[in-house]
Amino acid sequence: MFSTQPSNPRVLLLEDDPAIARTICYSLEREGIAVTHCLLIADARQQWASINFDALLMDVGLPDGNGLDWCRELRSAGAIAPILVLSARGEEMDKVLGLELGADDYLSKPFSPRELLARTRALLRRSRHFQPQAHTTSRQALQIDEQGQRILINAQALDLTRREYQLLQSLLQSTGRILSRDALLEQIWGLGSESTDRTVDTHIKTLRAKLRERLPDHEIIITHRGQGYSLNQPG
């Protein structure tokens with residue numbers, strides 16, 4: 001296991017092929033991205049628990065297990081950092097399975113360092129976008145809980161899925177601005193995703209229902225026809 005000196009942004013790489021790992025580390029480090037490399041899932045678990053990484057790049061077939069199993073475990077535990085799966089399995093069903101288990105993107109081996117860098121940059125843009133922000137003032141009904149990575153409404157946590165959390169956090173961090181469906185798709189589902197505008201609309205609909213249960217007299221998410229959505233923060 002080896003790592004660069006700590007700096008931002010920070011990426012955890014889980015790859016059991018040292019040659020591939022060296023190529024990835026070299027490409028990312030040239031761009032100022034700090035990479036911590038692990039050969040085994042067990043080592044990666046320890047690193048993940050001790051460092052707040054901005055993204056995870058992971059192989060699937062590893063000596064001590066299947067990377068997708070750990071991906072699913074991370075998502076079940078509430079991890080929201082973007083995950084890029086690197087795998088020699090390039091069949092459509094393998095990609096679909098990886099995405100369904102919680103990966104944000106899937107890159108088939110062999111890949112070019114340039115494509116890997118572009119996809120990692122896209123993940124990091126979203127990771128920085130979703131970093132927990134400072135608490136809002138107590139006068140505001142909606143708050144982002146830094147430690148718990150959850151959203152509170154009148155000091156009570158909302159029961160949100162990961163995508164709902166990301167959507168609402170994105171709107172909260174852009175209060176007063178209109179976010180287009182395309183922007184939300186790229187920020188949350190990622191470049192190359194097969195999700196559509198309808199996916200965003202469906203998640204917004206469920207978010208609205210949950211918010212109305214708590215604040216029935218206040219329309220928090222505003223639809224701007226032909227433009228997108230904005231958040232109307234309660235005072």
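In helix α7 (residues 181-189), Arg181, Leu184, Leu185, Gln187, Ile188 and Trp189 are buried, where buried means under 20% relative accessible area with a 1.4 Å probe and protein chains only. The model is predicted, so local features need pLDDT of at least 70 and side-chain atom pairs count only at pLDDT 80 or more, whereas totals for chains, interfaces and linings use all residues. Residues are numbered from 1 along each chain as its sequence is written, and side-chain values use heavy atoms, with hydrogens and water left out.

**Helix α7 and its partner α6**

- The axes of α6 (residues 162-172) and α7 come within 10 Å and cross at roughly 125 degrees, the axes being lines fitted to C-alpha atoms over the stretch in contact, with angles from 0 to 180 degrees between N-to-C directions.
- That angle makes α6 oblique to α7, a class left over once angles under 35 degrees (roughly parallel), over 145 (roughly antiparallel) and 65 to 115 (roughly perpendicular) are set aside.
- Arg163, Gln166, Leu167 and Ser170 in α6 meet Leu184, Gln187, Ile188 and Trp189 in α7, with contact taken as heavy atoms within 4.5 Å.
- After α7 comes Gly190, which has a positive phi near 95 degrees.

Conventions: Helices (H or I, at least four residues) and strands (E, at least two) are DSSP runs, numbered from the N terminus. Buried means under 20% relative accessible area, exposed over 50%, partly exposed in between (1.4 Å probe, protein chains only).
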